[in-house]
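This report sets out selected features of the model displayed below, from local surface charge to overall architecture.

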Amino acid sequence: MNSGPRDGNRNLLAHVLLPVANEDDAQATATALEPYEPARVTALHVVEKGAGVPDKTPVEQSEELAEASYAAVRSVFPDADDHTAYGRDVAAEIFEAAEEVDASAIAYRSRGGGRLMQFLSGDLSLKLVTNADIPVIALPHEDTDE
């Protein structure tokens, strides 16, 4: 990964990578990003898959979930691009996708949950904000109690 910003003068919202988990998450995340009026959006869905390890869900089912997620993002951003990544380390796949699509920032909406949920998920939020080479935007929830 790069050690610094790719272009210090680049607009933060020039090309936002939007990782989404499922259709509901995609709708909520895109809606949270909408007021910031990004110039370009690429929705990302990571299909968790690894060599020699059983998949959490069948790949075909995961790809259908990705398509539904992309449709939800396009209901808010009709010109959004999509990108599907495959791997076990979701954070690493997000960083790799950001580089592949030349994103100016990664925008995400925390999935919430208590300490146990964060532990089980590997605390993706922490990985995103501490290991990224580009800005990471944490989008607010409509309901601040989440």
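Glu-67 is placed in helix 2, which spans residues 59-76; helices (H or I, at least four residues) and strands (E, at least two) are DSSP runs numbered from the N terminus. With a relative accessible area of 48%, Glu-67 is partly exposed. On this scale buried means under 20% relative accessible area, exposed means over 50%, and partly exposed lies in between (1.4 Å probe, protein chains only). Accessible areas come from the Shrake-Rupley method with a 1.4 Å probe, and for residues only the protein chains shown count as cover.

Together with Glu-60, Glu-63 and Glu-64, Glu-67 forms a negative surface patch. Patches consist of residues with over 30% relative accessible area and no salt bridge, where like charges are joined within 9 Å and nonpolar side chains (Val, Leu, Ile, Met, Phe, Trp, Tyr) within 5 Å. Lys and Arg count as positive and Asp and Glu as negative, while His and the chain ends are not counted. The place of a charge is taken as NZ of Lys, CZ of Arg, CG of Asp or CD of Glu.

## Basis of the model

The model is predicted: local features need pLDDT of at least 70, side-chain atom pairs count only at pLDDT 80 or more, and totals for chains, interfaces and linings use all residues. Residues are numbered from 1 along each chain as its sequence is written, and side-chain values use heavy atoms, with hydrogens and water left out.

## Overall architecture

The chain contains 5 helices and 5 strands. Read from the N terminus, the order of elements is β-α-β-α-β-α-β-α-α-β. Of the 146 residues in the chain, 37% are buried. The accessible surface amounts to about 8400 Å², and carbon and sulfur atoms contribute 50% of this area.

Among contacts (heavy atoms within 4.5 Å) with a separation of 6 or more, 81% link residues 24 or more positions apart.

Strand 3 covers residues 81-86 and includes Ala-85. Ala-85 is buried, at 6% relative accessibility. Beyond residues up to four places away in sequence, Ala-85 touches Leu-44, His-45, Val-46, Val-47 and Glu-93. The C-alpha atoms of Ala-85 and Lys-49 are separated by 9.4 Å, although these residues stand 36 residues apart along the chain.

His-83 also belongs to strand 3 and is buried, with a relative accessible area of 17%.

Leaving out residues up to four places away in sequence, Glu-93 is in contact with Leu-44, Val-46, Ala-85, Tyr-86 and Gly-87.

## Salt bridges

Side chains of opposite charge can pair when their charged atoms come close. The structure has 2 salt bridges, each defined as a side-chain nitrogen of Lys or Arg within 4 Å of a carboxyl oxygen of Asp or Glu. One joins the side chains of Asp-81 and Arg-40 at 2.9 Å, N to O. Because Asp-81 lies in strand 3 and Arg-40 in the loop between helix 1 (23-33) and strand 2 (41-47), this pair ties together parts 41 residues apart in sequence. Asp-81 is partly exposed at 30% relative accessible area, and Arg-40 is partly exposed at 41%.

The side chains of Asp-82 and Arg-74 also meet in a salt bridge, at 2.3 Å, N to O. Asp-82 is partly exposed, with 35% relative accessibility; Arg-74 is partly exposed, with a relative accessible area of 30%.

## Positive phi outside glycine

Glu-37 is not a glycine, yet has a positive phi of about 50°. Glu-37 sits in the loop between helix 1 and strand 2 and is exposed, with a relative accessible area of 66%.

Asp-102, likewise a residue other than glycine, has a positive phi near 60°. Asp-102 occurs in the loop between helix 3 and strand 4 (105-108) and is partly exposed, at 39% relative accessible area.
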